[in-house]
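Please keep the sequence and the structure open while going through it.

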Amino acid sequence: MNFSIEVMLQLTIVIPLLTIVGIILANNRPNIREGITISASILLLFIVTSLYQSLLSGKNVNVFWWDIMPNLSISFSIEPLGMLFALIASFLWLITTFYAIGYMRSHQEENQTRFYSCFALAISAVMGIAFSDNLFTLFVFYEVLTLSTYPLVTHAGTEKAKQGGRVYLGILLSTSIAFFLLAIAGTWFITGTLDFKQGGIFNPDVDKAIAGALLVLFIFGIGKAAIMPFHRWLPAAMVAPTPVSALLHAVAVVKAGVFTILKVCVFIFGLDLLAILPTTQFLLYLAGASVLLASIVAMRQDNLKARLAYSTISQLGYITIGALLATSSGVIGSSMHIATHAFGKITLFFCAGAILVAAHKSKISEMRGLGRQMPLTMIAFFIGSLSIIGVPPTGGTWSKWFLLMGTIETEQWILMVVLMISSLLNIAYLLPIPFHAFFSNPLPEKHDASSSNHESVDLASNVDQSQVQIKEAPWPSLLAIGITTFGCLFLFIYPQPLFDLATAILASGQ
Amino acid sequence: MISHLPILQVIVPLMAAPICLLLKRSQLVWLFSLFASAIAFIISVLLLQQVMTSGVISYELGGWEAPWGIEYRIDKLNAFLLLIISAISTVVLIAAQTSIEKEIPKEKHTLFYILYLLSLTGMLGIVSTGDAFNVFVFLEISSLSAYALIALGQDRRALWASYQYLIMGTIGATFILIGIGLMYQMTGTLNMQDLSQRLPEVAQTRTVFTAFAFVIVGVCLKLALFPLHLWLPNAYAYAPSIVTAFFAATATKVAIYLLIRFTFTVFGLSFSFTTLPLQGLFLLLGLTGIFVASSAAIYQNNVKHVFAYSSIAQVGYIIVGLSTSTITGLTATLLHLFNHALMKSAIFLALGAVVYRLGNVQLSSFNGLGRQMPLTMAAIVIGGLSLIGVPLTVGFVSKWYLLTALLEKGWWPVAILILLGSLLAVIYVWRIVEAAYFKKPLADSVPVKEAPLFFLIPIWLLITANIYFGIDTRLSLQVASAAAQSLFGVSP
């Protein structure tokens, strides 16, 4: 490909949009439709990788589309943090598509065309967020992402889906309009610009009280980061099909949230200012509380997806803490955690979906002994859990290490303790699942158990457990699980590129 | 020819109205009205161009010199308004014939178009004239035809709504007339420019205060500022759909124009906002209006009522922008005049299409409509998003300007309230979305088809405009800020 970098950068946003056209045209031919999605995601991954290469060779790119209002433009550029986000998102789009094909077909979901179209639109919005050159552009795509994922969350069209969608849209839209927009307008009014700049755009002599208030507005306004008390949308969005949960929790939405927080902390406030704002400490404790409380709530969930959702809230708190610590280890840890958590959590969600499809189980208490039926899935679940907990040999080790270093450097002893307790809690709510799957026998099935679970009833009545047949999810889903699991391990063995990108965030533009 | 444009703007629809009587056949009358309205639109474009390049146009009616004769005075502000009114009128008329076939008995079709054109004449006249008494004359032309138009609605409650509007509107017009009379008594002139020069000499008299109060209250009745809004919801809900689409986008806008004209030009900024407590009053009423009307919109079951209350809330935003009495605030107000006209005409036209297919706009009739009328419903959703103020729609642009204006003033709490107010819009828009996309059609309902082409074309023209002007704000922003600057006497 001989396109200039500028063209390639715009293609990352345009390709998913074009894909939508293709998907709609191929409405009634599923194979062609999914073929289009897969080729588009391969193409996108290819382009993003080439952009990565050009970033490594140190080229600066700026693309200006147009001014919506004077000095408020839609424009894009490439910097390491956005690159990191785009790489993860485009790679996982490809994987999720594979997974979705297996899942959606064996689940015989309806409206698959709408599903794939909205999915592609969401990816386009994610690319826009990742490469945005100013806060205004970011906000525009942030809202597009919210609206494009709404039909995905409510995909089932049932009363429950409607309720979930209401909470989802209600919280995300309200926080972004009431707080985020106000914070943006305030920033624009004080500084006269919204461009992302190394070291921030505020004058060092800005009124600390106002800047502190703006920071609070930003953190609350970026509802996608799910800091308590604005976290309810994440568990509510569980009603969505599993590939959507994967998209929401690992690839697009929550990552867009913490990505935005990192961007705001590093490029709008600047670490120097951030460290001396009066509200930073309060927000750190709030995020810490979010980490702990969410972990505790997660322990009490019996629905696997709900437990994973609360686990996500807790892990997002880690990233927010890292950003607010305002040190280089904090930022490095946070940005690496975006990647490692993405791989870990998507593996877990894929597994949850695979269990649902193959064994029709969604409750953790029903999964005892499941390891004999779905060994591969459960091994993947185990490795994904290790990565979330942050122990070798998985990628989560590195990011948690840097986050911990950040708390020690800044002498935030309380937060350090919070992070360590939370890791223990992670162990407590994640590891028992694969453990019981392999080493426990299923609980005796009650006879009044839901009669729809024919398979599980059959299994339970089968006394001789060694005779259980292996019945895994369809192969495209299994392949996807394999790749993300491998990703978790790979990030441990070879974290160098990730680390380089993360360190480059603070060095870029200087 | 070109020098006569200001009067042609008003004369063309005025003369077209009686000609309709001769044409008789409904189809012909429709085409002719559309033609007349399109000519008015072209004239307004030419006028705007001329004003933007070479400044204020003063036209002396019948050749009588200004303070004595009637002067038509086109500056950036009213050229902008003329464009909004004539453009919306033309686009809405495209759907008129299709819509009234279902809603108005055949023998009244000609009457409908005559009234429509007269109403258009009245609005264009109010905006283009530079004479205070002439304002009253055109106000009566537009109002009287409006009462009759609303009464044409097929629902019997339309008569009552029209009667309500008649009473309130007449009180409003009378108040304005009394105010103008008092001003005439003090200054001996009716020309607005002349008034603005002579009023300061007598500004500190009780008569002028009274005149001011009468004019402002009268105008606020017309523009449905909370708590003078009671006539509006029923008038919008029971009028024929086309009439609602036209009025929702233009009628209150004209009244807001009058408010701006009287407070900024005739009485002067310092008199209106400094000597008299208009600022605090407007801020308070505007904010209360936003919250009361938006909350009321949430509880309506007739979707036309929902958006009628939403219109009252939007007037609140416009008045809050005005209350800042800064250039940015006025720019936000003018921008919102334009943007709100685009949103509401699109939404009400789409509702007209729903009426065409279903016969009513009860919320329960919307169940399952997302599948049956996908294009119409998509238009309502986009219009609703624009109303909420989602980026890339016009609603976002005006909200952004309003926010900036409020922050400029240092009114942070007001800015927060404004944003909270727009969250209420999320709720009332989403009730409709959920009904259309999640609920199953009622058991006894007949499946309907997508709206006819003559509805879809104007609806999507307006929706495209909603998005286009949300992305490319050069035209709207340039004109709005130039008009605001000239009202403040700053040369752009």
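1. Is Ser325(B) buried or exposed? In this predicted model, Ser325(B) counts as buried because 21 other C-beta atoms lie within 10 Å of its own, where the cut-off for that label is 20 or more. Ser325(B) sits in the loop between H13 and H14 of chain B, and although Ser325(B) is not a glycine, its phi is positive, at about 45 degrees.

2. Ala226(A) belongs to the loop between H7 and H8 of chain A, and it is classed as buried because 30 other C-beta atoms fall within 10 Å. As background for reading such residues, most residues other than glycine have a negative phi, and most peptide bonds are trans.

3. Two cis peptide bonds deserve a look in chain A. One of them joins Met228(A) and Pro229(A), with omega at about 10 degrees, and Pro229(A) is placed in the loop between helix H7 (208-221) and helix H8 (233-236) of chain A. The other runs from Pro392(A) to Pro393(A), with omega near 5 degrees, and Pro393(A) lies in the loop between helix H15 (375-389) and helix H16 (396-409) of chain A.

4. On confidence, the mean pLDDT of chain A is 83, and 93% of its residues reach 70 or more. Among the elements of chain A, the highest mean pLDDT, 90, belongs to helix H10 (residues 253-269), whereas the lowest, 45, belongs to helix H19 (residues 454-461). Over residues 447-466 of chain A the pLDDT stays under 50, and for this stretch the model has 20 contacts beyond four places in sequence; I would ask that these contacts be read with that pLDDT in view.

5. As for the overall build, chain A contains 21 helices and two strands. Its radius of gyration is 22 Å, which agrees with the value near 24 Å for a compact globule, because that is what the rule gives for 510 residues. Along the principal axes, the C-alpha atoms of chain A fill a box of roughly 75 × 55 × 45 Å. Of the 510 residues of chain A, 59% count as buried, and among contacts in chain A between residues at least 6 apart in sequence, 80% join residues at least 24 apart.

6. The contact between the two chains takes 17 residues from chain A and 23 residues from chain B. On the side of chain A that touches chain B, the elements that give two or more residues are strand S1 (62-69), helix H5 (135-153) and helix H6 (159-191) of chain A, and H6(A) gives the most, with 10 residues. By residue class, that side of chain A divides into 12 nonpolar, three polar and two charged residues.

7. Which residues touch the most other members of the largest nonpolar core? Of its 403 residues, they are Ala89(A), Val126(A), Leu145(A), Phe80(B), Ile150(B) and Leu349(B), while helix H14 (residues 327-358) of chain B gives the most to this core, with 19 residues. Leaving aside residues up to four places away in sequence, Phe80(B) touches Leu48(B), Leu334(B), Val479(B), Ala480(B) and Ala483(B).

8. Ile318(B) is found in helix H13 (residues 303-323) of chain B and is buried, because 28 other C-beta atoms lie within 10 Å. Apart from residues up to four places away in sequence, Ile318(B) touches Ile256(B), Thr333(B), His336(B) and Leu337(B). The C-alpha atoms of Ile318(B) and Leu475(B), which stand 157 residues apart along the chain, are separated by 19 Å.

Conventions: Residues are numbered from 1 along each chain as its sequence is written. Chains are lettered from A and ligands numbered from 1 in the order in which they are written. This is a predicted model: local features need pLDDT of at least 70, side-chain atom pairs count only at pLDDT 80 or more; totals for chains, interfaces and linings use all residues. pLDDT is the predictor's confidence in each residue, from 0 to 100. Helices (H or I, at least four residues) and strands (E, at least two) are DSSP runs, numbered from the N terminus. Two residues are in contact if their C-beta atoms, placed from the backbone, lie within 7 Å. Ala, Val, Leu, Ile, Met, Phe, Trp, Tyr, Cys and Pro count as nonpolar, Asp, Glu, Lys and Arg as charged, and the others, Gly among them, as polar. The radius of gyration is taken over C-alpha atoms; the globule rule is 2.2 Å times the number of residues to the power 0.38. A residue is buried if 20 or more other C-beta atoms lie within 10 Å of its own, exposed if 12 or fewer, and partly exposed in between; C-beta atoms are placed from the backbone. A nonpolar core is a set of buried Ala, Val, Leu, Ile, Met, Phe, Trp, Tyr and Cys residues joined through C-beta atoms within 7 Å.
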